[in-house]
Amino acid sequence: MKAEVFLDDDYRPAEDEPFMNDRQIEYFRRKLVNWKNDILDNSSDTVAGMKDQTRNIPDVADRASEETDRALELRTRDRERKLVTKIDAALRRIDEGEYGYCAITGEPISLKRLDARPIATMSLEAQERHERREKVHRDD
């Protein structure tokens with residue numbers, strides 16, 4: 001088992017340190033775990049709120065408005081559920097030593113990109129190529 005890595009609260013990965021060293025790995029692990037916990041907390045709040053809000057509203061317009069709000073909330077939670085799956089995959093890549101490297105080219109993904117999108121699996125260049133190919137080959 002690895003020793004726990006100490007990180008200052010203001011630590012940010014820097015380009016001048018070795019790529020995906022223990023401190024960077026721990027930084028991204030914590031970022032992903034905190035993000036996942038925030039999402040799970042929000043979904044628990046949504047479930048509790050929906051249980052509390054179940055009521056019979058006689059006005060049709062008010063009922064429709066509440067149903068629309070509820071549908072939007074459920075759609076948001078579904079997107080977040082898919083995001084949790086991607087976060088779990090990123091945490092697995094950390095455990096397997098593959099985190100931070102492009103799945104297509106094997107090259108390091110920039111720290112700025114990982115900080116902005118810690119679930120990224122491709123470098124910016126590979127992602128742009130992928131999106132261009134997708135745009136060309138999609139059915140309109």
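1. Rings of Phe, Tyr and Trp (its six-membered ring) are paired here if their centres lie within 6.5 Å, with planes under 30 degrees apart called stacked, over 60 edge-to-face and the rest tilted. By this rule, there are four aromatic pairs. One of them is Y27 with F28, an edge-to-face pair at 5.1 Å centre to centre and 80° between the planes.

2. A word on the basis: this is a predicted model, where local features need pLDDT of at least 70 and side-chain atom pairs count only at pLDDT 80 or more, while totals for chains, interfaces and linings use all residues. Residues are numbered from 1 along each chain as its sequence is written, and side-chain values use heavy atoms, leaving out hydrogens and water.

3. Do look at F28 and Y99: their ring centres are 5.6 Å apart and their planes at 50°, so this pair is tilted. F28 sits in helix α1 (residues 22-53) and Y99 in the loop between α2 (60-96) and α3 (111-116), so the pair ties together parts 71 residues apart in sequence. Helices (H or I, at least four residues) are DSSP runs, numbered from the N terminus.

4. Now for the charges: E125, E128, E131 and E134 form a negative surface patch. Its members have over 30% relative accessible area and no salt bridge, with like charges joined within 9 Å; a salt bridge would be a side-chain nitrogen of Lys or Arg within 4 Å of a carboxyl oxygen of Asp or Glu. E125 belongs to helix α4 (residues 124-137).

Note on methods:
Patches are made of residues with over 30% relative accessible area and no salt bridge: like charges are joined within 9 Å, nonpolar side chains (Val, Leu, Ile, Met, Phe, Trp, Tyr) within 5 Å. Accessible areas come from the Shrake-Rupley method with a 1.4 Å probe; for residues, only the protein chains shown count as cover. Lys and Arg count as positive and Asp and Glu as negative; His and the chain ends are not counted. The place of a charge is taken as NZ of Lys, CZ of Arg, CG of Asp or CD of Glu. Helices (H or I, at least four residues) and strands (E, at least two) are DSSP runs, numbered from the N terminus.
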